[in-house]
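Thank you all for making time this morning.

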Amino acid sequence: MPQQPDEYSLLNALMSLIYLLLGVIIIALGYLTMGDMIDWQTAQKRYTHEELQALTEDRKALREQSRSEEWDRIENGIHVNTGLKAGKHLDIVISSCTSCHSAKLITQNRASRAGWKQMIDWMQETQGLQDLGRSEGKILDYLAAHYAPTHVGRRQNLDVDAIKWYVLELEGDE
Amino acid sequence: MSKRRKFLKQSALYTTATIMGARVVFAENLPKGMKYIGLSEDIPGKHPDMIVLNDRPINMETPAHLLNDALTPNDRFFVRNNGLPPSKVDPATWQLEISGESAKQTKNYSLEDLKTKFEQVSYQITLECGGNGRKEYNPPAKGNQWGTGAVGCAKWTGVRLRDVLQDVGVKSNAVYIGYYGADIHLSGDPNKDPISRGVPISKAMEAESMIAWAMNDEDIPLLNGYPLRLVFGGYPASCSGKWLEKIVIRDKVHDGQKMTGSSYRVPCHPVAPGAKVPDENMCIIEEMPVKSLITYPMTGATIKLSQRLPIQGHAWTSADQIKRVEYSIDFGSSWKACQISSATNRFAWQQFKAEIIFPERGYYEVWARATDSDGRTQPMILPGWNPKGYLNNACHRIAIKVS
């Protein structure tokens, strides 16, 4: 029968495969139990202090670069990481505001420059925000430009700030 | 008066020569009775505190507190021009042509003809721009951002339009009248009309529909249509053609400039704010809604708690008359009645007044709302949004502080 020799050679091949697998398993077990020693023996290379320092700095720079590329990414006018609108002084706003609170506290609010100033004053008076120095004006410029009140609703408030208050002189009853 | 304006006025005293030396638009055309106010930023014949929204063409509105007179003085009457007023007006040679497919003949009248051939009438008629109050709409509508002051009421003298139309002869198929004025298109192209609107024939035939040559017993100011204009109460003021040279009696709705497209039209059916409305779904505005204005005191008054605050104003409607005006000092929670005067005629605005006692110190808003004989009342918030921002009759508000 022509099948006979084929069946034997198949059996032989299977046996070889089993021995091979057995060998691999033994080597792997050996590596797992003694790997550390082998590794230490083969990979150990003596670095000078200068070489180590240079290596560390290279890696640090690489890490920061990749992180900042991602960090500064702007899509459709929005800073992806914070959700803030791209614009002048965005970097100052991110560094001054978002280290303490979510950028959402900005993006969900709308106020005039004076209104944003009041919020900064409140944070300074009650929330431990430090003096912002020369950054304050820049932060307010950014907020007033990008998060100004929008005219919503069916009727706006009277523009009380624009009203010129005057004393009405009335005759008679006083 | 603003500090800036005061400064300009004072410096103007020292620089009269410069101002007089500057080119003053229309100065050489000033008709009799119009005074030139010696400031380059002022518009000839108009009060210096008028708010100029546009200077080409001239569009200016009146601050509410300058509208306190029962009849609006000529120098305080708002201006809504679409083109440039005619540069030369000679009343002696002025001609009015009446023609059109539904006119039985074409006929011309001089001012003298009009004054001698027909009964002269005077009516107090309120004119209000269809876009008055546009400023408040949201989403905003393009165009002149009128606040509250594109309205005034004057005593107009002239003849009834129907008398003149009947003198010419009106065919039974007449549908509309359209006007043409002598104003010049902004491009300067003499073949283009800046505006040519009109009214349905039934409106033209009403007793108060006029061809007028006098405003408060004076010549009509050049900016308001000297020497001759139409006056239709209760309709958008754009129907009341100025510098009137020609009236056409049409057998269909007049299709002149700013009659078609979306001009002076609102959605035929109410739409959501910001909706896009195709032209074929925009309908011509006819009647103007009920409205009122507080003209005294000027917003921003501070008074003492011991004082009563008198308020005054006007209310107007396209219906027969104003039935009621009320005020509120608690943001519309409660309303008290004002005293109202009766109108001298239909479309004259009516005066209201009241004396307000405030319960405690603080910030108040005085709101006024009118109700007309058709039972229509002004809304406290904005009425239905429309793409061009017409017909805002939300109640007027002034701010008061009681100390």
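The sulfur of B:Cys395 has its closest cysteine sulfur in B:Cys338, at 12 Å, which is too far for a bond. Please keep in mind that what you see is a predicted model. B:Cys395 has a relative accessible area of 0%, so this residue counts as buried.

B:Cys268 sits in the loop between β14 (265–267) and β15 (282–284) of chain B, while B:Cys283 belongs to strand β15 itself, so the bond ties together parts that are 15 residues apart in sequence. Returning for a moment to B:Cys129, that residue is in no disulfide, and its nearest cysteine sulfur, the one of B:Cys239, is 11 Å away.

Staying with chain B, let me turn to the backbone. The peptide bond that leads from B:Tyr226 to B:Pro227 is cis, with omega near 10°, and B:Pro227 is located in the loop between β11 (218–219) and β12 (229–231) of chain B. Another cis peptide bond joins B:Tyr296 to B:Pro297, with omega about -5°, and here the proline lies in the loop between β16 (291–296) and β17 (301–303) of chain B.

In chain B, B:Phe347 has a phi of about 75° and is found in the loop between β21 (339–340) and β22 (350–356). Is B:Phe347 buried or exposed? Its relative accessible area is 5%, so B:Phe347 counts as buried. In chain A, A:Asn76 has a positive phi of about 50° and lies in the loop between β1 (74–75) and β2 (78–79). A:Asn76, however, is exposed, because its relative accessible area is 81%.

That brings us to chain A as a whole, whose secondary structure comes to six helices and three strands, arranged along the sequence in the pattern α-α-β-β-α-α-α-α-β. Chain A has 174 residues, of which 17% count as buried. Among the contacts in chain A with a separation of 6 or more, 46% involve residues 24 or more positions apart.

I will finish with one pair of helices in chain A. How do α5 and α6 of chain A cross? The axes of helix α5 (residues 113–126) and helix α6 (residues 135–146) come within 9 Å and cross at roughly 130°, which means that α5(A) is oblique to α6(A). The crossing of α5(A) and α6(A) is right-handed. On the α5(A) side, the contact is made by residues including A:Trp116 and A:Ile120, and on the α6(A) side, A:Ile139, A:Leu140 and A:Leu143 are among those taking part. Sorted by class, the contact of α5(A) with α6(A) has six nonpolar, two polar and four charged residues.

Technical notes: Residues are numbered from 1 along each chain as its sequence is written. Chains are lettered from A and ligands numbered from 1 in the order in which they are written. This is a predicted model: local features need pLDDT of at least 70, side-chain atom pairs count only at pLDDT 80 or more; totals for chains, interfaces and linings use all residues. Side-chain values use heavy atoms; hydrogens and water are left out. Axes are lines fitted to C-alpha atoms, for helices over the stretch in contact, and angles run from 0 to 180 degrees between N-to-C directions. Helices (H or I, at least four residues) and strands (E, at least two) are DSSP runs, numbered from the N terminus. Angles under 35 degrees count as roughly parallel, over 145 as roughly antiparallel, 65 to 115 as roughly perpendicular and the rest as oblique. A crossing is left-handed if the near helix is turned anticlockwise from the far one by less than a right angle, and right-handed if clockwise. Contact means heavy atoms within 4.5 Å. Ala, Val, Leu, Ile, Met, Phe, Trp, Tyr, Cys and Pro count as nonpolar, Asp, Glu, Lys and Arg as charged, and the others, Gly among them, as polar. A disulfide is a pair of cysteine sulfur atoms within 2.5 Å. Buried means under 20% relative accessible area, exposed over 50%, partly exposed in between (1.4 Å probe, protein chains only).
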